[in-house]
Amino acid sequence: MKENSAAVPAAQTDELKRNLGRMDLVSIAVGQIIGAGIMAMTGTAIGMTGRSVNIAFIIAGILCIFTAIPQILVGGTARFKGGQYTQVAAFGGQRLAGIFTMVNVFTGLGIAMYVISFTEYLLALVPNAPAKLVAVVIITLMFGLNILGTKQAAALQTVMCVVMALAIGAFIAFGIPDLQPGYFAPPDFMTKGFTGMLMASAYLSFAAGGAQYVINFSGEAKNPKKDVPFAIIVPTVGISLIYAVMGTIAAGVLPVAEVANKSLALVAEAIMPKPVYVFFIVGGAMFALLTTLNASIGWICRPVVQAAKDGWLPGFFGKINGKFGTPVNVLLLFYIIGLVPILMGLNISTVSNATVILTAVVKMILCFTALRLPSVMPELWNKSKFHVSRGLLNTFCMIGGLVATFQVILLLVTSAKVEIIGNVIILAVAVIYALAVNSKVKMEVSYEDCD
């Protein structure tokens, strides 16, 4: 099969139910962005830049938008049945799509991390709870819900996001009155200069990012060309601003030396009555993990379905259940991938981080390869509502790609040696697999207009 394949006619892309509206996609994006990372990463960023952490959060949001602009331009041009897999296939070629597929499968190990982290928060509140049993129940319920239907999973996501909003609102409401005077005064503001603030911004971009994964729901969106870009931009900007307020409270209530490199829970416990604090931990931290888990289960499966249809994986992984309209076989695959580390009691933080650098590399590749958008799909691009000049497109893609490259470098510098080795091993496996299977693949790049 040639590297550049033709788009599949629309009649062949109706297997997944197209029932996700704008607010469904926004809820998925919000759940993906707001994770337990905000609880831990804020303290680390305060250690990098002090009370200027609020500015660092705003810059982080801007960095996320820059890396997301190519995804916005691409997502606003066509429906991509396989999400990011289809983008990689369309703009990067067949072999790169195969490598992406294997990296995406390994990324499923991160599912266990969210479940185990949720269990750890629960044990802090209920010390005698059976940890392993709780983890198995949680992962089973979340996968079961996604098997029953994307719409049902999105509905739960919306409910959990409302609860998270209340928990975050409580943190802000109780924190603002306790802010200490002289917030912007040295030496606690910009403690390590402008360089330290930029490093904190790059670091926090991992907390403010994630909305771009809604592109993987393009095949199930009612109007992906309008709703996918909206679901990337609005949650990223809105949550970055909310994070900036939370960062102001985290750094401005207690002395910087006490909160640097500490969890956000430390400040929450200091400013909230015990019942409200418990609600913040449950509705904020624990629900943040559940929403990220729910969103991850959804977006990680969609590219694999299309990859299986193209021949990168056994064909039964490409089947859609007729009753529920969901990729049951792929969901069961990732259920097992997430369940095994839990049952074996592995060091899941190290295991799940084994794909973090590669995931960032994929984002970098998506930015740079989007340069080919006008040549790959000229007719769709010319009538796209997001159409810009070739020069402006090139500028957006290059800036986004360079920002993503900087994030990759930051990860290489800050990751443990074992995590870097894990990424290298997975990349080697993915490349070998892609080269071995490539001749058997009959890939059709399944994008289409959806006006």
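Me: How do H3 and H9 lie to each other, oblique or roughly parallel?

Reply: In this predicted model, H3 and H9 are oblique to each other, since their axes cross at roughly 60°. Those axes come within 7 Å, with H3 covering residues 53-75 and H9 covering residues 193-208.

Me: And which hand does the crossing of H3 and H9 have?

Reply: The crossing in which H3 passes H9 is right-handed.

Me: Which residues make that contact?

Reply: From H3 the contact draws on Val53, Ile55, Ala56, Phe57, Ile59, Ala60, Leu63 and Cys64, while H9 brings in Met197, Ala200, Ser201, Ala202, Leu204, Ser205 and Ala208.

Me: How many of them are nonpolar, polar or charged?

Reply: In the contact of H3 with H9, 13 residues are nonpolar and two are polar, with no charged residues.

Me: Changing topic, how many salt bridges does the structure hold?

Reply: There are three salt bridges in the structure. One of them joins the side chains of Asp227 and Arg22, with 2.9 Å from N to O. Asp227 belongs to helix H10 (residues 224-252) and Arg22 to helix H1 (residues 22-33), so this pair ties together parts that are 205 residues apart in sequence.

Me: What does Asp24 pair with?

Reply: Asp24 forms a salt bridge with Lys151, and their closest N and O atoms are 2.6 Å apart. Asp24 lies in helix H1 and Lys151 in helix H8 (residues 150-175), so the two tie together parts that are 127 residues apart in sequence. Asp24 counts as buried at 11% relative accessibility, while Lys151, with a relative accessible area of 34%, is partly exposed.

Me: OK, and where do Glu220 and Arg302 sit?

Reply: Those two residues also form a salt bridge, Glu220 with Arg302, the closest N and O atoms being 2.7 Å apart. Glu220 is found in the loop between H9 and H10, and Arg302 in helix H13 (residues 274-310), so this pair ties together parts that are 82 residues apart in sequence.

Me: How accessible are Glu220 and Arg302?

Reply: Glu220 has 1% relative accessibility and counts as buried, and Arg302, at 4% relative accessibility, counts as buried too.

Notes: Residues numbered from 1 in each chain as written. Predicted model: local features only at pLDDT ≥ 70, side-chain atom pairs only at ≥ 80, totals over all residues. Heavy atoms only, no water. Axes fitted to C-alpha atoms, helices over the stretch in contact; angles between N-to-C directions. Helix = DSSP H or I, 4+ residues; strand = E, 2+ residues; numbered from the N terminus. Parallel < 35°, antiparallel > 145°, perpendicular 65-115°, else oblique. Left-handed = near helix turned anticlockwise from the far one by under 90°. Contact = heavy atoms within 4.5 Å. Nonpolar A, V, L, I, M, F, W, Y, C, P; charged D, E, K, R; others polar. Salt bridge = Lys/Arg side-chain N within 4 Å of Asp/Glu carboxyl O. Buried < 20%, exposed > 50% of the residue type's maximum accessible area, 1.4 Å probe, protein only.
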